[in-house]
Amino acid sequence: MSAAVKYTLGRIGLFVAVLAALWFVDMNMFLRLMLALVFSAALSFFLLRGWRDEMAGEMADASERRRAEKERLRSALAGDEQAAEDESGDRRS
């Protein structure tokens, strides 16, 4: 399972757990949802640090792979354009 999925499921799980804990408190439902959102975000900052770091590492690796592939394609295209120019120059001679 990817780190992004684990982290997302962890965030949702924390939200549900905090909402369940607040369920028996007598307050407006909107306020209960907002408090659950804020408290779960604060808890996830501390409790899900490992998964968040793992997800950030995966995202950085994917970005680096895309950057390298983009550079490889640009080099290949530049080489193809150079070869095409050389061929057209040979035809003129």
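Tutor: In this predicted model, a residue is called buried when its relative accessible area is under 20%.

Student: Which residues of α1 are buried?

Tutor: In α1, the buried residues are A3, Y7, G10, L14, V18, L19 and L22.

Student: What makes these buried residues line one face of the helix?

Tutor: Viewed down the axis of α1, the buried residues fall within an arc of 165°, and therefore they line one face.

Student: How do you know that the span of helix α1 agrees with its number of residues?

Tutor: Helix α1 covers residues 3–22, that is 20 residues, and at 1.5 Å a residue should span 28 Å; its end C-alpha atoms are 28 Å apart, so the two values agree.

Student: Why is the contact of E54 with K6 called a salt bridge?

Tutor: The cut-off is 4 Å between a side-chain nitrogen of Lys or Arg and a carboxyl oxygen of Asp or Glu. The N to O distance for E54 and K6 is 3.4 Å, so the pair qualifies. This pair links distant parts of the chain, with E54 in helix α3 (residues 49–92) and K6 in helix α1, 48 residues apart.

Technical notes
Residues are numbered from 1 along each chain as its sequence is written. This is a predicted model: local features need pLDDT of at least 70, side-chain atom pairs count only at pLDDT 80 or more; totals for chains, interfaces and linings use all residues. Side-chain values use heavy atoms; hydrogens and water are left out. Helices (H or I, at least four residues) and strands (E, at least two) are DSSP runs, numbered from the N terminus. The expected span of a helix is 1.5 Å times one less than its number of residues. Buried means under 20% relative accessible area, exposed over 50%, partly exposed in between (1.4 Å probe, protein chains only). The arc is that of the directions from the helix axis to the C-beta atoms.
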